[in-house]
Amino acid sequence: MQRFVYIGVLVLASLGAAAQIAATTLTVHAGDYARQNTPVCAQLADSLPSDGSVQLHELADGQRRRVMSQSAGCSLCWTLEGTTPAGTSREYELSVGPSATSVAPAAAAQLSEGKVTFSHGEKTLLSYQIDKVPVPPGVDSIYSRGGFLHPLLSPAGDTLTRIQPDDHYHHYGVWNPWVHAEYDGRELDFWNLVKGQGTVAVDGVGELVEGPLHSGVTVQQSYLAFRDSAVTDDPQKLLDETLQLRVHPLDKDRYLIDYQTTQTNPTELPFTVRAYRYQGFGYRARASWDDNNVTLLTSEGYGKDDGNGTRARWMNVSGPVEHGQAGILFLTHPENYNFPEQIRIWPTGMNEGRENVFVNFNPAQEQDYVLRPGGAYRLRYGMLVYDGTIDSTEAERYWQDFAYPPAVVVRQQADKLAGAQVLVYTRNGEGYVHENIAASVAAIEGLGERYGFTVTTTEDPTVFTQARLADFDVLVFSNTNNEVFDTPQQEQALKDYIAGGGGFVGIHSACGTERDWPWFARMLGGKFHRHARQQDFDVAVLDADHPSTSHLPPTWHIRDDECYYLKQLNPNIHVLLAADLTTVEDEEGKTDYPADTFGDYFPTSWYHTTDGGRQWYTSLGHRSEQYSDPAFLQHILGGIRWASSK
């Protein structure tokens, strides 16, 4: 059985032979949130031994305390036990000891009778149904399908889901189909199966995940469109879907499900999810829950009467069960399209008030969601399943852990950034000055504190002398713009620094720096020309093996940024990210630049080597708020790490 990562965090490491592990320490930063028994994982650069010999110890008060961990490949996971206040950190040491005696995994996953059943010890938690389930007698077989969660059990063993209720035979526990889709001019519904337009089928099941801390499975599914509403044979595949499930028991009364789906369009035409009131990640509750006995609360304080159509980070649904009270806290992730998604809730009185509990996160309730040919689109949700009750404070804490997990920093003797000196230059000449500069500086200083490098910030060009620049491993031009040097000698100092192998990082408007100096444009990789109006757009990850992009989904949804267009692009650049121009509204760009020069994609981030140095650039980062986004910070950190001359 494989053991996979449960929660990914921002980690960069270099780990080689087992002997090096003994010199490895891991610092877990709580960040802006207080943590309570929070799962964390580190993604290391090289594989760990798979024989159970990996040992993790917490270092505190001069003591080394053994901590239970789960590892396989490059992944190491454990629990941040107890309380960790916001703004604090904890230290761990990774080493190799005697191989552990093989024991049955506490968190198990078993494939049997057409489903994968997840358990913890002797307790069954839930099942993922693979095979199509038969329909009740007298019901049209077109309602039959697989690929859903049921039964979903409370920790005490009470069933919280329902399938094929007689009011909606197409409802299946926890499931995730699109309702109002369009492909090649045809409307398609993969939710209301009775229409005979399409369904979702399971293609195959990958290896199961088992271990002391969590279990899981990865499943391949397909969106199949029937070629005729009366004929279901020989369907057309419109979407490939990879569903990754991870089940993490937290204690005897609670467990957490991580539900991540990645949909890829293998066709030559766009697959459009049209705006509609319900579709996507949905839940149909047990039959005994209704208007009179269920409590429903959203992160924004709405309930069953008034929550429908609002936006929410989480929804908490609970009610009476055989063993008392139980519930599910539904969580949505900040990287999801149209976050925080609008929600569909059956309000009080819906469905004649009987068996009236249905909730749904819907990223396409008010705007279309377009899955373009070759694109891969990721949505992630969590479910905290619990006995008893939880209040809004607890619900918010669980969402914070899910959305913004603690950051883990792996340090070794060979850690490239530890001890590095980074100069952040922020000067602007006459013209537009970004409001984001203070936020960008604070963000890079925070990265320095966390990852062990020193940050010096200045807008004084007199620092550009050969002697003073020699002290720095990386120069970061953060939102510089227009003329930033006063003398030719300062310009020459920068050229000499690069020629000597120095590292350079440019962020956003740095491409508008020294616009009349051809060397600078060639060194950075291009020169600013114009940008589309500020808006949401998609960015494709062209190289996912670089430290600045390895953490990103294949398609990165950028919120409220400027899509920059550069000219005089250096042919030496290696493009990491490219803006999907089909998602950018820009009438000027269709007739002027880039017009059709670059087709549907324009470079957004790249790296290259020019004149002996190492250069990395990203055009993203217009808004101050982006410099507190963990995904964007990891993007910048990866650029600094790659450019470092240490």
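In helix α2, the buried residues are Ala395, Glu396, Arg397, Tyr398, Trp399, Gln400, Asp401, Phe402 and Ala403. The model is predicted.

**Helix α2**

- Of the 12 residues of α2, 9 are buried, so the helix is largely enclosed by the rest of the structure.
- The cover over these buried residues includes strands β2 (35–43), β17, β18, β22, β23 and β27.
- The end C-alpha atoms of α2 lie 16 Å apart, which agrees with the 16 Å that 12 residues should span at 1.5 Å a residue.
- Asp391 caps the N-terminal end of α2, with a side-chain oxygen 3.2 Å from the backbone nitrogen of Thr393.

**The sheet of 8 strands**

- An open sheet is formed by 8 strands in the order β15-β16-β17-β18-β27-β23-β22-β21, and the pairing is antiparallel.
- The edges are held by β15 (198–205) and β21 (295–298); each has a single partner strand, so one side of each lacks a neighbour in the sheet.
- On average, and with direction ignored, neighbouring strands of this sheet are turned by 20° against each other.
- Strand β16 (residues 215–225) pairs with β15 in the antiparallel sense over 7 bridges.
- Within this part of the sheet, Val202 stands opposite Gln221 in β16.
- Helix α2 (residues 392–403) packs on the sheet and touches β17 (236–251), β18 (254–264), β21, β22 (314–321), β23 (324–332) and β27 (376–387).
- The direction of α2 makes about 40° with that of β23.

**The sheet of 5 strands**

- Another open sheet has 5 strands in the order β4-β3-β7-β1-β28, with antiparallel pairing.
- Here β4 (63–67) and β28 (407–411) are the edge strands; each has a single partner, so one side of each is left without a neighbour in the sheet.
- Neighbouring strands of this sheet are turned by 30° against each other on average, direction ignored.
- Strand β3 (residues 54–60) runs antiparallel to β4 and is joined to it by 5 bridges.
- Leu56 stands opposite Val67 in β4.
- Helix α3 (residues 437–451) packs on this sheet, touching β1 (24–29) and β28.
- Between the directions of α3 and β28 the angle is about 55°.

**Cysteines**

- A search of the whole structure finds 1 disulfide.
- The bond joins Cys41 to Cys77, with an S to S distance of 2.1 Å.
- The link of Cys41 and Cys77 is right-handed, with 110° about the S-S bond.
- This pair connects distant parts of the chain, as Cys41 is in strand β2 and Cys77 in strand β6 (residues 75–84), 36 residues apart.
- Both partners are buried: Cys41 has a relative accessible area of 1%, and Cys77 has 3% relative accessibility.
- The sulfur of Cys74 is too far for a bond, because the closest cysteine sulfur, in Cys77, is 12 Å away.
- Cys74 has 18% relative accessibility and counts as buried, since the cut-off for buried is under 20%.
- For Cys511 the closest cysteine sulfur is in Cys563, at 11 Å, which is also too far for a bond.
- Cys511 is buried, with a relative accessible area of 1%.

Technical notes. Residues numbered from 1 in each chain as written. Predicted model: local features only at pLDDT ≥ 70, side-chain atom pairs only at ≥ 80, totals over all residues. Heavy atoms only, no water. Pairing = 2+ DSSP bridges. Helix = DSSP H or I, 4+ residues; strand = E, 2+ residues; numbered from the N terminus. Axes fitted to C-alpha atoms, helices over the stretch in contact; angles between N-to-C directions. Contact = heavy atoms within 4.5 Å. Expected span 1.5 Å × (residues − 1). Buried < 20%, exposed > 50% of the residue type's maximum accessible area, 1.4 Å probe, protein only. Polar contact = N/O pair within 3.5 Å; in protein donor to acceptor, adjacent residues only side chain to side chain. Disulfide = S-S within 2.5 Å.
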